[in-house]
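Visitor: Could you take me through one part of this chain at close range? I would like to look at its aromatic rings.

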Amino acid sequence: MSSPETETGKATSKESGFKTPGLRGVQTTSLFRAVNPELFIKPNKPVMAFGLVTISLCVGYLGYLHATKENDQQLYEAIDSEGERYMRRKTSRWD
């Protein structure tokens, strides 16, 4: 039978041979880690989902505002010198 000491010795030798993915196992400076934290932090799926939903809603809201602005251009019915009616957009004297 094997003793617990030999089993733990084998486990540590296997773990030491395993490389960690990404830049977590690389020797870096504290400044590099502070400037690039996304390279060393484990991804958080709920936060990523919340961010994706938030960004999507913001883009959708901007699209909605753009669409309603185009529809609400303050048109009025004008009559030209020949008596024909047509739609004209309100303008400012400053334009």
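Visitor: How many aromatic pairs does the count come to?

Guide: Happy to look with you. This is a predicted model, where local features need pLDDT of at least 70, side-chain atom pairs count only at pLDDT 80 or more, and totals for chains, interfaces and linings use all residues. Residues are numbered from 1 along each chain as its sequence is written, and side-chain values use heavy atoms, with hydrogens and water left out.

The count comes to 2 aromatic pairs; rings of Phe, Tyr and Trp (its six-membered ring) pair if their centres lie within 6.5 Å, and planes under 30 degrees apart count as stacked, over 60 as edge-to-face and the rest as tilted. Phenylalanine 32 and phenylalanine 40 form an edge-to-face pair, because their planes stand at 85 degrees, with the ring centres 6.0 Å apart.

Phenylalanine 40 is buried, at 13% relative accessibility, while phenylalanine 32 is partly exposed, with a relative accessible area of 33%. Across the chain's 95 residues, 3% count as buried.

Note on methods: Buried < 20%, exposed > 50% of the residue type's maximum accessible area, 1.4 Å probe, protein only.
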